[in-house]
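Subject: Structure for your review

Dear colleague,

Please find below the structure that I am handing over to you. My findings follow it, grouped by topic.

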Amino acid sequence: MSTVAETQIKLTPEHDARPGSTVRSRLQDLLPKIVLAPSFAATIVFVYGFILWTIYLSFTNSKTFPSYAITGPRAYQRLWRWTFESDPPSSWYTSITNMGIFGFLYIAICLALGLFLAILLDQKIRGEGVLRPIYLYPMALSFIVTGVAWKWFLDPGLGLEQTLHQWGWTSFHFDWIKNKDFVIYTVVIAGVWQASGFIMAMFLAGLRGIDGEIMKAAQIDGATTFQLYRRIVIPLLRPVFLSAFIVLAHLAIKSYDLVVALTSGGPGGSAWLPSNFMYEFTFKRNEMAVGSASAVIMLMTITAIIVPYLYSELREKSR
């Protein structure tokens, strides 16, 4: 018995000390790093590297081609003047004004509509399995497809207005897509149609994760349905609200392709967002420094939204 035990004790270190076993274990440890190294390097170069390059160009006098001689914050000063001192309003002022209108309405309506649809589906209605994919389908489409489809639907000569005229309602007029004062609201309509189903899915997942015992206890205590949602359900959905807000804000800031496909920029650029301004000045008007400065401002906006979110998430995990 002791001989067997001594043999096992002696064999174990000899087995672990074999060169093949050591090499194999090292390769197993290195394999994930080797696989991830190319994508990590590409991210460092083509994302963060180009972010730094764009910031650098915003402090130069770059026109059609990059200029590497630093000239100071002239591009930012031009954007400042175009924001507060331009009369009539500049295209940059129009872009940031549209961003405020579009961002506020897009986020608010998507949150309200998504929550409303999630509450309806959470009632275990018949046909829920059919309705869920119908609501989620628009999110599977690209902004280009969404923009083109809504362009046809809202065009007075092709879509809704023309159809109602053929049905006899000749007094109906809906020409927002060709009206510079209302064209940005058509972008809101198309954006809400695409994103509200996805937000509904987020809220529905949050509702299904709420403990049913809490709901039953509140109902036993005499809480009405309105009080139940206002005092219990909606406060418990706070993390979902925050996540949905981050997603929608990110989509709103980068909605370049939706604006181009739906309105082609609108009459006289009246539907421009900062992303459209950046592309126009960088690649069409040969003002690369100004375009880079506007891109940096968009980056700072996204950072101002994401950093507090990450801080709150990390703070909750540390607790």
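Which side chains meet in a salt bridge with an N to O distance of 4.0 Å? They are those of Lys-284 and Glu-280. Please note that the model is a predicted one, and that the values here are computed from it.

Salt bridges

Lys-284 and Glu-280 both belong to helix α13, which spans residues 274-284. Because they are four residues apart there, about one helical turn separates them. Lys-284 is exposed, at 53% relative accessible area, whereas Glu-280 has a relative accessibility of 18% and therefore counts as buried, the limit being 20%. Glu-280 also meets the side chain of Arg-285 in a salt bridge, with an N to O distance of 3.8 Å. Arg-285 is partly exposed, at 40% relative accessibility. Lys-63, Arg-78 and Glu-287 are likewise joined into one network, by salt bridges that share partners.

A further salt bridge links Arg-208 with Asp-122, and its closest N and O atoms are 2.8 Å apart. Arg-208 is in helix α8, while Asp-122 is in the loop between α4 (91-121) and α5 (128-136), so this pair ties together parts that are 86 residues apart in sequence. Of the two partners, Arg-208 counts as partly exposed at 36% relative accessibility, and Asp-122 counts as buried at 17%. The count of salt bridges comes to five.

Helix packing

The axes of helix α6 (residues 143-154) and helix α12 (residues 256-263) come within 7 Å of each other and cross at roughly 25°. The angle is under 35 degrees, so α6 is roughly parallel to α12. The crossing of these two helices, α6 and α12, is right-handed.

Nonpolar surface patch

A nonpolar patch on the surface has about 1,200 Å² of accessible area in total. Its members include Phe-40, Trp-53, Tyr-56, Phe-59, Tyr-68 and Ile-70. Phe-59 is located in the loop between α2 (19-57) and α3 (74-84), and at 30% relative accessibility Phe-59 counts as partly exposed.

Yours sincerely

Note on methods
Residues are numbered from 1 along each chain as its sequence is written. This is a predicted model: local features need pLDDT of at least 70, side-chain atom pairs count only at pLDDT 80 or more; totals for chains, interfaces and linings use all residues. Side-chain values use heavy atoms; hydrogens and water are left out. Patches are made of residues with over 30% relative accessible area and no salt bridge: like charges are joined within 9 Å, nonpolar side chains (Val, Leu, Ile, Met, Phe, Trp, Tyr) within 5 Å. Accessible areas come from the Shrake-Rupley method with a 1.4 Å probe; for residues, only the protein chains shown count as cover. Buried means under 20% relative accessible area, exposed over 50%, partly exposed in between (1.4 Å probe, protein chains only). Axes are lines fitted to C-alpha atoms, for helices over the stretch in contact, and angles run from 0 to 180 degrees between N-to-C directions. Angles under 35 degrees count as roughly parallel, over 145 as roughly antiparallel, 65 to 115 as roughly perpendicular and the rest as oblique. A crossing is left-handed if the near helix is turned anticlockwise from the far one by less than a right angle, and right-handed if clockwise.
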